[in-house]
2 protein chains.
Amino acid sequence: MSKLAGSLREAIAASGLRDGMCISFHHHLRSGDYVLNMVLDEIAAMGIRDLTVNASSIHDGHAPMIEHMKSGVVTGLETNYIGPAVGRAISEGVLKNPVIFRTHGSRPSDLEQGVSKIDVAFLAAPTADPMGNCTGKIGKSACGSLGYAFVDAQCAAKTVVITDNLVDYPLYDWSISEDFVDYVVQVDAIGDPRGIVSGTTRMPKDPIALRIAQTAARAIDASGLLKDGVSFQTGAGGASLATADFLKQIMLEKHIKGSYALGGITGYIVDMLNEGLFEAIQDVQCFDLKAVESLRTNPRHMEITASRYASPTAKSTAAGSLDVVVLGATQIDLDFNVNVHTDSKGYIIGGSGGHTDVAACAKLTVIVAPLSRARMPIVVDRVLTVSTPGSSVDMLVTQYGIAVNPARPELKEALQKAHLPVKDIGELKALADKINGAPKKREIKKDRIVAKVQNRDGSLLDVIYGV
Amino acid sequence: MSKLAGSLREAIAASGLRDGMCISFHHHLRSGDYVLNMVLDEIAAMGIRDLTVNASSIHDGHAPMIEHMKSGVVTGLETNYIGPAVGRAISEGVLKNPVIFRTHGSRPSDLEQGVSKIDVAFLAAPTADPMGNCTGKIGKSACGSLGYAFVDAQCAAKTVVITDNLVDYPLYDWSISEDFVDYVVQVDAIGDPRGIVSGTTRMPKDPIALRIAQTAARAIDASGLLKDGVSFQTGAGGASLATADFLKQIMLEKHIKGSYALGGITGYIVDMLNEGLFEAIQDVQCFDLKAVESLRTNPRHMEITASRYASPTAKSTAAGSLDVVVLGATQIDLDFNVNVHTDSKGYIIGGSGGHTDVAACAKLTVIVAPLSRARMPIVVDRVLTVSTPGSSVDMLVTQYGIAVNPARPELKEALQKAHLPVKDIGELKALADKINGAPKKREIKKDRIVAKVQNRDGSLLDVIYGV
C-alpha cells in the first residue's frame, strides 16, 4: 500500500473536495511557498468553488490567490496574518466573506476543540515518504520547524502531503506522522528557497532601532526578570533582534544563563544557544538557514507544535512560561492597545501571528517601536485595529523614552530607579504629533466589514472595515 | 506556574477523581512498575471506590491490585494483556465486572474515537520537567519508548505525570509534551530497574525452539518476501528471537537489506540495525537496556505511538506496511485461530497485546510454537479462547513441520517447492495427541463471564469464563 497519488489533481479528487468546503495551508515556506498557489490553481481548473481557506498565514507570494477570490473559487479566509499584497486586495473588497483573524495559539485551539473545521489540509513538506511521514528539516526546500502544520494534519478530515523530496519508507526523524496522512503528491518544487528562509539574519544598523533596542534591554534588566533561568521571545524585526543583541551583552557581562528562547527563531538566537546563554530553544518557525540547520542537528533546539507554543486551551504552553517578550507595533494607543493588523490608512498589512498570545502570557511584554514611521505617528489616540489589548502590554519603548502601563506601577518605579527615561504615554503621543504634525483625522466608511479580529479566546476584539 | 503537586494524594485530589471513574496506566515499566500499585494504594486510602482501570497491560508486579479488586476499589479492568498472577485471580472471580480485552492497536483507537474514556491518566515517567514534558529515554528508571502512553496523555480528561527524575524546564528530547499534562508528582522511585527491562536479550538454547526457528526462517525465505526492503516484527519470546537470528543469517548470506523492524524491540534487533540489515526501527516498547540506549542515541531507532504502531482507525500504521511477523501461541486450532489469552485450563495468562493487530496487517503471519508444552498439546481442535482469528494466520511452524492455512495455497506450493516439511494441520494435531495422549475434555462451567475479548474493530471475538 502506498498513498502516492499520480498527480495533485488525483489527490484533490480522491479527497472528496467539493464546493463550499474548507481547505488549509501552513506558512512555513513563507513568501517562497508554491503549494497554496498550485493547489488553488488546480482546484479552480477542476471547477470547485466557494471554498474557505484556513491558512496559518498569507504572504505576498500568495498574491495569485486574489484572482481566485475575484472568480469565487475562494470566498472565505481564516488566518493569523495577511501580508500587504493580499491584504490590500481584501481591504478593497475582493473577498466575499469577512476574513476571520485568529492568533497562532487560537487557530490550533479552535481546530482541536472543533470550533473550526478543515475538510482537506494541504501540507507543503520539504521531505516525505510514500506513507506521508514528513519533515521540514531536510530537502532542497527545507524550512526547519513544521510547528504550525501539526494541527492541520491532526484535525483535517483528509490530509494531503505535497513534497519535492520523496524518500524511502520509513522516513526517520519525521515531524508529522503517517497516521494523520491520506495522500502524498510528488511535485518538482514546493517553494522557492530564496523566499522560504533568508540566508542569514542581519542586525539593523538604523541608529533609531539601535537606540530603542538598547533602551529596551536596559528596561528589561531593570525589571528584575533578567536573571538565571530567564526565558524570552523576540521577533525577527530589526528593533526586536537588536534588543536580543543588547540583552546578550548584559547576560554575558552578568554571567546570566537563560532557560529557553521561544518563537520564530533566527540564527542570532541559535548563536545565543551555542554560546551557552540558553539551555534550549522552542521553535515553532525557523526564520533563516542557521535556524534550520540547528533544528536539524541540535537536540536542544526543539521543534514544537503551535498548540504547545501558545494554545489557550492547552494544559500549558511554552508561551505560558515566558518571562519576557519583545514585540513590534504598527500603532499603539493611549490605552496601550496595539495594532499589527492595519496600516495608518486602514489597509490590512499583517495580523497578530503570535503577538496577542505571547503578550497575554509573558510576565513582561515590551513593545518596541519608533515614535513615527514615514511621518506617520505610531503612538495614537486610538489604534485603528485592536490586535493585542492594552491589558497585555506592560511598556512601550521608543527612541524618546519609555511609557509604562499604569497598571504596572512597580515596573515604572523600577525603571525610574534605574534612571531610565520613563514618560507618560500621552507625552510620547504629543511629541509624535509635534514632530510629524497632528495626524489627519481619518474618515473610515463603516459600511463594509472586511475582517473580524478574534481574541485568543474566540471573542471579537475588533472589526476591520473596507478602504 | 508549576504543575508540581506536593504529593501523589494532592495530585489525585486535584484531578477530581471520584467513585466510578476510569483511571489509566501504561506498561512500559513492565513487571518493575511501582506506579500502578502506589496510585491504587493512595486511592484506596482516600476512600475512592468502584474504579475502572484502563491499562495497556497488567504484569505480575501488579499483583497487589488483587486486594483492591477484593475490596471494591477496582471493579473494572480494560487492558490488552494480563500476566498470570492477576489473571488467575480474575479467572477465579475476584473482579466485579468482566475484563474488556482490547489490542495494542484498538486501545488507542477506541480512546481517540471516544469509544472509551479516561478520567485520570497516571503516567510513570522516567524523566520529567515541572510542566510535565516527559520521556522514557533517560533517568534511573529509563524504559525507552513511551509508545503506549501517548494516547493516555492526549485523551484523558486529566493527566498526572509521576517521575523519579525531575529536571529543569524545558526538558529537551521529550516524548510526551506539556500541553497534555495537568499535574507532576515527584517520588523516590517509579519502578525497580530489574523488572523494567532485562539487561540483555538472550538467545534460546532449547533445541526444539532452535529447530522451529530455523524452519520458520527457511519458510519465510521460501515465501518470497525476504528481499530488499523487507520489514518484520518478531516477539521477544525464545522461538521468535531465534527466528530473527536465522533470518539474519539468510539476509547476510544473500546481501538483503531490510526496511524496518517493528514492535517491542530487543538488543538483538538493535544489532541488526547497527549491522545495516535494516534502515530503521519503529519502537513502541523497549525490552532491554540495549534497546533503550539505541532509542536514546540513534535517530534511526524511532519511538512511535501505539496509534502509529497499529491503530485500526489511523490513516496508516507501521503494522500496515509489515511484510512478515513471527508470533507465538498458547493454543492454535484446526481453523488456525490462535489463543494467547488463556492456558489449557482456561486461566487468563496473557492477552493479545499487538498479536491480533500485526497478524491482521502483515503480508505473512507466522506462528511459531512447539507441538506441546508440559505435555499439553498446543495444536487443538478448538482453542479455548480466540485471540487472533485464523483468517489472519498464514502458517504454523512446529518442530515436526509446517501447516499452511488452506486460504494460502500459493504459499503452501512455495514451501513445498523449497522442500520444507509441509503438513496438514490435522496431521500435526494427531501427532500432538499421539505424543501426549488425547487431551482430557475440559468441562467449562459457562456460568460466569470473567472477560470479553474484543477484536481490533471492537466486535466481540470471544468470552472467557471463570474457572
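Reader: In which order do the nine strands of the open sheet of chain B run?

Author: This is a predicted model, where local features need pLDDT of at least 70, side-chain atom pairs count only at pLDDT 80 or more, and totals for chains, interfaces and linings use all residues. Residues are numbered from 1 along each chain as its sequence is written, chains are lettered from A and ligands numbered from 1 in the order written, and side-chain values use heavy atoms, without hydrogens and water. Strands (E, at least two residues) and helices (H or I, at least four) are DSSP runs numbered from the N terminus, and two strands pair if DSSP finds at least two bridges between them. With mixed pairing, the order in chain B is S13-S12-S11-S10-S14-S17-S21-S22-S23.

Reader: Which strands are the edge strands?

Author: An edge strand here pairs on one side only. In chain B these are S13 (301–303) and S23 (422–423).

Reader: What is the bridge partner of Thr398(B) in S22(B)?

Author: S21 (residues 395–398) and S22 (residues 401–404) of chain B pair in the antiparallel sense over four bridges. For Thr398(B), the partner in S22(B) is Gly401(B).

Reader: Which C-alpha of chain A is nearest the axis?

Author: Chain A can be laid on chain B with an RMSD of 0.0 Å by a turn of 180 degrees and a shift of 0.0 Å along the axis, superposed by least squares on C-alpha atoms of residues with pLDDT of at least 70 in both. The two copies are therefore related as by a two-fold rotation axis. At 5.4 Å from this axis, the nearest C-alpha of chain A is that of Pro299(A).
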